[in-house]
Amino acid sequence: MNLALITDLHANREAVESVMAHAEREGAQRYAFLGDFVGYGADPGWVVDLVRAEVKRGAIAVMGNHDAAVVKGPTPTMTAPARQVVGWTRDQLNGAQRDFLASLPLVMTDADRLFVHANAFAPTEWAYVLGRMEAIRSLHSTHCRFTFCGHVHEPKLFHLAPTGKAGDFTPVPGVPIALSPQRQWLAIPGSAGQPRDGNPAACYAMFDTGSATLTFHRVPYDHEAAGVKIRAAGLPQSLAERLVDGE
Amino acid sequence: MASDASTVAPLSAGQIIEGFRLEERTHQGGMASLWRVSSVAGNDALPLIMKVPRLRGGDDPTTVVGFEVEQMILPTLSGPHVPKFVARGDFAQQPCIVMERIAGSSLRERLDAAPLTIAEVVKIGTKIAIALHDLHRQHVVHLDVKPSNVMFRPGPDGQIGDAVLIDFGLARHAHLPDLLEEEFELPMGTAPYMSPEQVQFVRSDPRSDLFALGVTLYHLATGARAFGNPSSVAGLRRRLYRDPVPPRALRPDCPPWLQEIILRCLDADPNRRHQSAAQLAFDLQNPDQVVLTDRAERRSRHGALRTLRRWFAALGAQPRERWTPSQLAARSPIVLAAVDVAAATPALLQAQCQTVQRVMQTEPGARLACVAVMKTHRIAMDEPMESDGSSKHVNLLVQLKHWARPLVQSLALERRDEDARVTFHVLEAADVAAAIIEFARKNQVDHIVIGARSSSMLRRYLGSVSTQVVAESGCNVTVVRATE
């Protein structure tokens, strides 16, 4: 089964539309949304509705820190622009949309796959998996062979051997990677709605559960249009600019 | 039957694994055993073997991770220079890889017969270099090139055919995670063949494979090991600063050009080796075009002072920039300029010269092969035209060099050092287009720059060489027209 892994959508309708269309062409049969559906972008309502509709059709969705902030108020560590957007986003969402975000679980598992926004060792504390140490900590906290998470916006693949040795890898878009059954894997597809690795194209990944093959994808989209909407909504200029630079 | 150290149940003929029946064990090595197998479904398109790792003590990382790496990389490879992947078995049940069985023999068998004739050494080297180029183009560095990992498909008339590279347990795929990177504290490879950069833990440089091929050719040509068979890291590091005994000191009839090629492969600095396997194959196939440096005539190793200097330099040395295999192959293309020096108009010759200059300028690692074809008549074989033919040949060569002069000067292609970047070839053939296409295929040419006949009358009468080259050659072709 082809499982599309989409994370950090950040209310970017243009990016999400392009990613969904690409995933459909690639034969996606199921979707997993790894959190942060809102924040930064100008279309929170549209993105929440899309995820909600997909969840009704069997998709997996977990809560991200931006989703939690809209429901419960911003956390102390959030940056100033992020806080400003949290308040604005809250006003944009209707009751049903807010209820949906509030109802999201922090962690979901399905067979040998674990889905979480930030990490598996302390999902509520939103610590980033930035390197091998955090990846090892996260993989040690689960028996699942595969962990899929977001929060970090750059695509990355970590692996942990039974010998305790871990490695990391920056994926090449479009190259299928057969994930060896001999080790545990932690994959970060990269942000769909706000890429930060210098490439403005939206990120997502496709996992073939039968052959345990993972393919990272980059999807170009109209980031100019998404930026225009951010400015028009009166949100911080920097959020529009970083979509252009992908940084 | 299996060794008593084995932790899995011993395998026996008749057993069925992953839908394949074990027929006969054909090899028992330290790391794995090989079984001739056939699929239970009985629809095999190819003769098959199954490779089964020997898991010693259950937890030997060398075997386990190496096998994991091979299971990951082999399925991504294709073409005649690798065994075709068929299936793999999970570690949870019986780890195995089922692949095409190569009918020919391994080069290991010829090693005992070394020194071989120079012609055989060159033929073997060419075939392996072509196989390595194909592998590098698929983003993979083998990192364990040695005679026992090279097989030859049976060729016509009992000759050896294409080289096939086997055992990808140490290989590195530039687009896939490197599972071995963190696994070991010691350099990985086979001691006699390991490149200096592998000794320094670099696992991504395709030129490491050229070093290993150089060690192989050295052994085949002289019967001796270039760097011995050290068993310590200090012993392995010696190749960073100590050069091997020149092959001609051991084998006086080794031609200078072959010593030049072998010692270039064995240079401790990958930047001073051939920059792609295709360029190495090119030199082996065009010995008269190899530029001879002081390497070619060297009769003894460097003196103590120079070795000491290199020893100091190697102490803190870190390998320099890294290239992925396919990047390097793309950075070091072979460009073929097919020039009709005898018949093309001056305007076309000039236009072609400018186009070639632009192509060469974009890639500092590019090599240029200038080719003119001397048209022979199909039935003229026994006509007394020898002297006439040879003067025609020389005349074409002179014109070809004259044509290339502006290029050679402006691009500094002919510096008198090792990096000869331009070669000249006059081919004799009845079919001009076929000769160009064959030369390009044989020499792994990436890009052909050819002129188009200007007169449509002439084209209609003679047919278009460039059209045939575009249609039938496997590489990029630029057709140049004179704008008059």
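Helices here are DSSP runs of at least four residues marked H or I, and strands are runs of at least two marked E, numbered from the N terminus. With that in hand, let's work through this predicted model together.

**Exercise 1. Get to know chain B.**
Task: Find how many helices and strands chain B has, and what share of its residues count as buried.

Solution. 
Step 1. Of its 484 residues, 42% count as buried.
Step 2. Now take the contacts in chain B between residues at least 6 apart in sequence: 72% of them join residues at least 24 apart.
Step 3. For a look at one element, pick helix α11(B), residues 304-315. Its 12 residues reach 16 Å from the first C-alpha to the last, close to the 16 Å expected at 1.5 Å a residue.
Step 4. Is α11(B) enclosed or in the open? The number of buried residues among its 12 is zero, so the helix lies largely in the open.

**Exercise 2. Divide chain B into domains.**
Task: Name the domains of chain B and describe how domain 1 meets domain 2.

Solution. 
Step 1. The assignment gives domain 1 (16-100), domain 2 (108-316) and domain 3 (333-480).
Step 2. Taken over C-alpha atoms, the centres of domain 1 and domain 2 of chain B are 28 Å apart.
Step 3. Where these two touch, 17 residues of domain 1 are in contact with 19 residues of domain 2.
Step 4. Sorted by class, the domain 1 side of chain B that touches domain 2 has 11 nonpolar, four polar and two charged residues.

**Exercise 3. Trace a sheet in chain A.**
Task: What is the strand order of the six-stranded open sheet in chain A, and which strands stand at its edges?

Solution. 
Step 1. The order is β3-β2-β1-β11-β12-β9, with mixed pairing.
Step 2. At the edges stand β3 (60-61) and β9 of chain A; each has a single partner strand, so one side of each is left without a neighbour in the sheet.
Step 3. Next, follow β12(A), residues 213-219: five of its seven residues are buried.
Step 4. On one side, β11(A) (residues 202-208) pairs with β12(A) in the antiparallel sense over seven bridges. A:Tyr204 has A:His217 as its bridge partner, and A:Ala202 stands opposite A:Val219.
Step 5. β11(A) and β12(A) form a hairpin with four residues between them, and A:Ala212 in the turn has a positive phi of about 55°.
Step 6. β9(A), residues 177-178, joins β12(A) by two bridges, also antiparallel. A:Ala178 has A:Thr213 as its bridge partner.

**Exercise 4. See where the chains meet.**
Task: Which elements of chain A give two or more residues to the side that touches chain B?

Solution. 
Step 1. In total, 15 residues of chain A are in contact with 18 residues of chain B.
Step 2. The elements are β7 (156-160), β8 (166-169) and β9 of chain A.
Step 3. The largest share, three residues, comes from β8(A).
Step 4. By class, this side of chain A has nine nonpolar, five polar and one charged residues.

**Exercise 5. Look inside chain A.**
Task: Is helix α3(A) enclosed or in the open, and is A:Ala42 buried or exposed?

Solution. 
Step 1. Six of the eight residues of α3(A), residues 65-72, are buried, so the helix is largely enclosed by the rest of the structure.
Step 2. Its buried residues include A:Asn65, A:His66 and A:Val70, and what covers them includes α4 (80-92) and α5 (95-103) of chain A.
Step 3. Just after α3(A), A:Gly73 takes a positive phi of about 95°.
Step 4. A:Ala42 lies in the loop between β2 (30-33) and α2 (44-56) of chain A.
Step 5. The cut-off for buried is 20 or more other C-beta atoms within 10 Å; with 27 such neighbours inside 10 Å, A:Ala42 counts as buried.

Definitions and conventions: Residues are numbered from 1 along each chain as its sequence is written. Chains are lettered from A and ligands numbered from 1 in the order in which they are written. This is a predicted model: local features need pLDDT of at least 70, side-chain atom pairs count only at pLDDT 80 or more; totals for chains, interfaces and linings use all residues. Two residues are in contact if their C-beta atoms, placed from the backbone, lie within 7 Å. Two strands pair if DSSP finds at least two bridges between them. The expected span of a helix is 1.5 Å times one less than its number of residues. Ala, Val, Leu, Ile, Met, Phe, Trp, Tyr, Cys and Pro count as nonpolar, Asp, Glu, Lys and Arg as charged, and the others, Gly among them, as polar. Domain bounds come from an automatic or database domain assignment.
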